[in-house]
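Please look over the sequence and the model below before reading on.

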Amino acid sequence: MKTQIEEQGIVTLTDRGIGQVAGSPLWNDDLRPTTKQEHNWTGYNFSALWIGMCICIPTYTLASGMIGLGMNWWQAIGTIFLGNLIIMIPILLNAHAGTKFGIPYPVFARLWFGSKGAHIPALARAIVAAGWFGINAWFGGGALDALITSFHSGWANVPGHTAIVFLLFWGLNMYIAYRGPQAIRKLGAFSAPILAVLAVSLLIWAVTTAGGWGPMLSTPSKFRTTGEFMSVFWPSLTGVIAFWATLALNIPDFCRYATSQKSQARAQLLSMPTTMALFSFIGVAVTSATVVIFGKAIWDPVQLLAKFPPVVVLIGAIGIVLSSVTINVGANVVAPARAIENLWPRRITFGIGAIITGLIAIAMQPWYILENFGNYIFGWLGTYGALLGPIDGIAIADYWLVRRRRMDLVELYKPDGRYSYIGGFNKSGVYALVIGLAASLLGLIVPGLSFLWDNAWTVGLFVAMFVYWWMMKDDPSVLSETEYAAITVTEHPPEWEAAKVTV
């Protein structure tokens, strides 16, 4: 019985397949596989998405911490570039599944954890995202508040002015997120070129005004030996990897709309690592120039913009709002909204999930967290790579090593189907997650094994990947080539057939 059709590497459901699961409690219009017409994100859309998310305040200041620990500018930028190349590997591996089968992250997770167990990785990703959403919304609102104050000094005397701007900024995030991933695509296409122009303009101003690159770019590394450098390099590299470890998991939420594997892979590979490295360099170069121009290093772009004329402040405010909204909605709303939606697909839509995410972010009181427990909370958020690394490893092992890129879409939406395992939970996924996390935690318990925690994401990924593959290699849920062919109609474009005949 043919329930799905594969054409040019993209699988969609047939009418017969849709008819089998359209009434399932695991099915709704947001979680279903995308149709052929919905695969409309081009390479430009993915490049714009990443450029819009990478050009942000955290990226601007990313290299500053490494320079503060003793690196010179090129060691810091090189670490950032290498870390983003590494995290791009799981991003592209998981993106393949989203592009081929058109499924979002919570549905993809049903393969490895079961129809009910999928809530474990989905909510793990969601909790981190909701926390970051609230913190970034508070940062974005605070930056906008500071810019408004510099533009109109009387604003600082308005009672509750910071809370007002925060709620307005939060509401803007909610409005765009409620409209769904297609609205995010349009936002990225609009904001990316504007943010790129503003970033380059800031660099040109800094270099010309300072009469050169400034002293920071000529400061040598403070490390005297390779061992001293490595003691800072490894945890710094893990931190860079963890920067986008969240997107490595839920990238199927976006790639399910890709026009082809080639377009999304090429666009992501070219745009993300280069934009992260280049914008971090701009942050270092501009800050280096501020030493010459203002007599001190100004790492915070908001403080820097406050020194410009009102017109420039206004343009800068627009840029900060665009960058903050793009990264917050794209990186921190989609995943928790999908996870919440997956809890009750018949009643909760993506829009409702986005609103609940926003309310959770407020309930977490980011202003209180940052004011009273800043070091603690950032220490905790900085270690989420230890949790997400094993989940990344499980996802990669399942799709590439265990199932070999074959799945039955209909069974993903059946509460008692092939991927429900026992009681809706796949114990192999749970065990692999626990063991992968425990391997990293050993580095906190055993002093001589501290390198395990310094490389928590990488260690957890490989340990969980091996454990999951070993436990699942003979699992009955895995489709053979014959079983896959029995449910799949494979079609090729006319030009492919013509080429085959010619050969």
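The pLDDT is the predictor's confidence in each residue, on a scale from 0 to 100, and a contact means heavy atoms within 4.5 Å. This is a predicted model, in which local features need pLDDT of at least 70 and side-chain atom pairs count only at pLDDT 80 or more, while totals for chains, interfaces and linings use all residues. Residues are numbered from 1 along each chain as its sequence is written, and side-chain values use heavy atoms, with hydrogens and water left out.

For the protein, the mean pLDDT is 87, and 94% of the residues reach 70 or more. Across residues 373-378, however, pLDDT stays under 50, and the model has seven contacts beyond four places in sequence for this stretch. Residues 494-503 also have pLDDT below 50, and there the model shows one contact beyond near neighbours in sequence.

A nonpolar core is a set of buried Ala, Val, Leu, Ile, Met, Phe, Trp, Tyr and Cys residues joined through side-chain atoms within 4.5 Å, where buried means under 20% relative accessible area, with a 1.4 Å probe and protein chains only. The largest such core holds 143 residues, of which Trp112 and Trp244 touch the most other members. Leaving aside residues up to four places away in sequence, Trp244 touches several residues, including Trp50, Met53, Cys54, Ile327 and Ala331.

Which cysteine sulfur is nearest to that of Cys54? The structure holds zero disulfides, a disulfide being a pair of cysteine sulfur atoms within 2.5 Å, and for Cys54 the nearest cysteine sulfur is that of Cys56, 7.1 Å away.

How values were computed
Buried < 20%, exposed > 50% of the residue type's maximum accessible area, 1.4 Å probe, protein only.
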